[in-house]
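Please take a moment to look around before reading on.

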Amino acid sequence: MNPKIFTLLKVQYSNMMEYRVEIALWAISGIIPFFMLNIWTNNNLNESINISDVMLSRYFLCAFFVRQFSVVWVVFSFEEDSLMGKVSPYLIQPLNPFFRYFAQHLAEQITRFPFAILISFFFFIFNPESIWIPNLGILFLSIVSTFLSFIIQFLIQSIVACLCFWTEKASSIERLLFIPTLFLSGLLAPVVSFPTYVKSWIYLTPFPYLIDFPANLLSGNETNISGGLSMQILWIFLLFPLFKKIWSEGTKKYTAMGS
Amino acid sequence: MVQNIIDVRNLSKSFDISSKEPGLKGTIKHFFKRQTKSLKVIKDISFEIQEGEIVGFLGANGAGKTTILKMLCGLIYPSEGSIMVSGYLPFMRKENFLKNITLIMGQKQQLIWDLPPIESFYLNASIYDLDKFEAKRRIKKLSEMLEIDKELFIPVRKLSLGQRMKSELLAALIHEPNILFLDEPTLGLDINAQRNLRKFLKKYNKETNATICLTSHYMKDITSLCKRVICVHEGTVSYDGKLDLLLKKLSPVKEILIVCRSEEDAIKLENYGFNVKNKIKNEITIKIENNSITSSLKTILNNFDIEDLFINEPPIDEIIGRVLIKKDYEI
């Protein structure tokens, strides 16, 4: 690993450890998939999509897990730093400021890990029939896929964050993305439950590769592994140059307000 | 031969500013149609700065000093004109350029609030590709120079403003930059902390021959550090030259309060031909031009029975204040 990133990660991890209680609370606040599981099973909605109760509960547990390790808030951090003038000293350092946020997110995920495990442990106590051990290959691919999902979300939010250079409130634009992310990513319902013609459109967007694909992969549901991973990589290849372009144009617009 | 490290030619900068009329009508109008206008904050300025110089940028609030510094360090794009700093176009933000400069802006912090400053120092060292051994050596040296070696392991949030400012300075200097852009570095510091910071900057300049561009509203910062000042008035350079020349020009006379042994002597002195400002009993205040102070004092001491005398320097803030509201100064 690049020594700069490694040091950033170490320092950000120390910083995150100062906020361990908050991180535990954030981890708990990510239990939407468990509510959704409850709604699905109580209403026998899974019967319409031919998924058993056990597979559905594994799916939502995995959705919770994927969400825990792919949640991104860079637009809010960047917006605040930008408005407060804190981005200025970072801009004149020989490291793109987004690496700081990237390391912050990774450090937060590491801090979050034990809490996510603990929540899963409680989940299995209440749903012992859902216990399963994925094989190592699938586990590895799921970790890769979750990381790719994190990168896609990080790039999407970073692109939106760069709009701070034009409009001070880029987070309002991010809110527009919140709805499709919520409904099309698989957080509230597996994408397979959508009508066929809607699905064909959804799979052309990056959203199902954020939660649905990695969660299906980890839970052992039937999924096109190579197709899903390829789409994730494709989206990264599309978003990265876009981010670079918008970053380079945006910094020309930077007025260093608040500093 | 001393080289120009900063070369600025016909530099201008404009910002788009939106304006809104007061009241509900103005708010609704603003919602549907934003009124923006281009405001030229820097207007066609040119100057050069040599390696190792300490230059003070003086100007009233909003004159454009900070904008100039921001353009010099590459933080913001110029609208027109050219800037070369250490052979680089600053706004390209090339790695080698960024490794050569630093910018310190008042209390804007790059230190991580909840961690001790030492963590931020090691992080910065890593960003500037310093190995651990070298980073340790520089942290030790700079913390001793800044007298904060005891505060390195205390979380930033627990440090006093002065200690934080010194830590900011250390974080900004760990890569030993050749060019320092300091925007009001002593803002909010107490007198002792200000003095220590000035002492440190002088020493840093002497030891490393670093070029320092400084803005400050504390005249003591300017007078104790800068031989040269650039006065900025409404985006233009109103004076660029030596500080002492400016002071001499703006304050050509000194006031001398003379306490005579008797009132008769004071009357004699009053009628001697000096420019008398006032006389109260045996105390008389006269105005003497800077270039004839020595000869005038000699005459007074030889011809009159003097008990005491005081030479009053006009307050420097007052003199500089006069510069800041004038458009042009020819020296």
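Which residues in α8(A) meet which residues in α11(A)? A:Ile138, A:Leu141, A:Ser142, A:Ser145, A:Thr146 and A:Ser149 on α8(A) meet A:Phe213, A:Pro214, A:Leu217 and A:Leu218 on α11(A); a contact means C-beta atoms, placed from the backbone, within 7 Å. Helices (H or I, at least four residues) and strands (E, at least two) are DSSP runs numbered from the N terminus.

This is a predicted model, in which local features need pLDDT of at least 70 and side-chain atom pairs pLDDT 80 or more, while totals for chains, interfaces and linings use all residues. Residues are numbered from 1 along each chain as written, with chains lettered from A and ligands numbered from 1 in the order written.

The axes of α8(A) and α11(A), lines fitted to C-alpha atoms over the stretch in contact, come within 9 Å and cross at roughly 165°. The two helices are therefore roughly antiparallel (over 145 degrees, on a scale from 0 to 180 between N-to-C directions).

Now for chain B, where three strands form an open antiparallel sheet in the order β2-β1-β4; strands pair if DSSP finds at least two bridges between them. β2 and β4 of chain B stand at the edges with a single partner strand each, so one side of each has no neighbour in the sheet.

| Strand of chain B | Residues |
|---|---|
| β1(B) | residues 4–19 |
| β2(B) | residues 35–50 |
| β4(B) | residues 80–85 |

Five bridges join β1(B) to β4(B), and B:Val8 has B:Ile83 in β4(B) as its bridge partner.

Finally, the contact between the chains takes 22 residues from chain A and 24 residues from chain B. On the chain A side, α1(A) gives the most, with seven residues.

Definitions and conventions
Two residues are in contact if their C-beta atoms, placed from the backbone, lie within 7 Å. Angles under 35 degrees count as roughly parallel, over 145 as roughly antiparallel, 65 to 115 as roughly perpendicular and the rest as oblique.
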